[in-house]
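Biologist: I have the sequence and the coordinates open. Please take me through the model one question at a time, with the cut-offs stated.

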Amino acid sequence: MGYWKSTVVPKFKKIFEKNNTKKTAAAEACKSFDEAKEGYTKEFDEKKSELQTKVIEIYEASATEIKELVKEPKDASLKKNATGVTKFLEELSKIEFPGSKPVHEACSKFGPTLVQGPIFFVFEKVSTFIVVEEKETKDKDVAVETVEEEEKEEAVAGEREVKEATAEEVAPPAAEPPKAC
């Protein structure tokens, strides 16, 4: 029992203490980010027009998984696409997107799963640019689809009329059904 207490138990403690320090540091980073959120929001509102084109370029160049994550932030997809999230945040910090630099630093140090709140905050701000673009394109797509559907319905209705007219001309007289025994 002495060997177990002297060598094995201290190793286990070291392993579990490292995770606790990392989680504690990530929690402190999240807390400091939460305190600065108002400042980031004000800065975002001031630079909104300047950032729009740059953010849209970065968004369009990113992977489809990241695009889905920006539109609908989910914990599971954040874990799956950790490297893509880190790259996306790096690109945002290059254009000095408000709040992206501290989030990118925390994400690269602790991993995206431990700093989800700040990442989702930045994604929420990015999505304000994206939603506007997609609504416009969706409206155009819906309008085009409805016009195409109306044209198809008109074409189908015209074909039905032609088939009915030819069926009346070609159809032989109705024969009597066979009599039962």
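Biologist: Is Phe33 buried or exposed?
Modeller: Buried means under 20% relative accessible area, exposed over 50%, and partly exposed in between, with a 1.4 Å probe and protein chains only. Phe33 has a relative accessible area of 4%. That value is under 20%, so Phe33 counts as buried.

Biologist: Which pLDDT do side-chain atom pairs need in order to count?
Modeller: Residues are numbered from 1 along each chain as its sequence is written, and side-chain values use heavy atoms, with hydrogens and water left out. This is a predicted model: totals for chains, interfaces and linings use all residues, local features need pLDDT of at least 70, and side-chain atom pairs count only at pLDDT 80 or more.

Biologist: How many helices does the protein have?
Modeller: Helices (H or I, at least four residues) and strands (E, at least two) are DSSP runs, numbered from the N terminus. The elements run α-α-α-α-α-α-α-α from the N terminus on. There are 0 strands, and the number of helices is 8.

Biologist: What is the angle between the ring planes of Phe33 and Phe121?
Modeller: Rings of Phe, Tyr and Trp (its six-membered ring) pair if their centres lie within 6.5 Å; planes under 30 degrees apart count as stacked, over 60 as edge-to-face and the rest as tilted. The structure holds 6 aromatic pairs. The centres of Phe33 and Phe121 are 5.5 Å apart, and this pair is edge-to-face because the planes meet at 75°.

Biologist: How many residues apart are Phe33 and Phe121?
Modeller: Phe33 is in helix H1 and Phe121 in helix H8.

Biologist: What is the relative accessible area of Phe121?
Modeller: Phe121 is buried. It also forms one aromatic cluster with Phe33 and Tyr40. The relative accessible area of Phe121 is 11%.

Biologist: Which helix holds Phe123, the partner of Phe88?
Modeller: Phe88 and Phe123 form an edge-to-face pair, with 5.7 Å between centres and 70° between planes. Phe88 lies in helix H6, so the pair ties together parts that are 35 residues apart in sequence. Both Phe88 and Phe123 are buried. The helix that holds Phe123 is H8.

Biologist: How far apart are the C-alpha atoms of Ile119 and Cys107?
Modeller: Ile119, in helix H8, is buried with a relative accessible area of 0%. Contact means heavy atoms within 4.5 Å; leaving aside neighbours within four places in sequence, Ile119 contacts Leu78, Val85, Leu89, Val103, Cys107 and Pro112. Ile119 and Cys107 are 12 residues apart along the chain, and their C-alpha atoms are separated by 8.2 Å.

Biologist: How many disulfides are there?
Modeller: A disulfide is counted as a pair of cysteine sulfur atoms within 2.5 Å. Cys30 counts as buried at 15% relative accessibility, and Cys107 counts as buried at 2%. By the distance rule, the number of disulfides is 0.

Biologist: Which lysine has its charged end over the ring of Tyr59?
Modeller: Tyr59 is one of the buried residues of H3, together with Leu51, Val55, Ile56 and Ile58. A charge sits over a ring if NZ of Lys or CZ of Arg is within 6 Å of the ring centre and within 35 degrees of the ring normal. At 5.8 Å from the centre of the Tyr59 ring, the charged end belongs to Lys67.

Biologist: Is Asn81 buried or exposed?
Modeller: Asn81 lies in the loop between helix H5 (75–80) and H6. Not counting residues up to four places away in sequence, Asn81 touches Glu65 and Ile66. With a relative accessible area of 16%, Asn81 is buried.

Biologist: What is phi of Glu96 near?
Modeller: Most residues other than glycine have a negative phi. Glu96 is found in the loop between H6 and H7 and is exposed, with a relative accessible area of 53%. Its phi is positive, near 60°.
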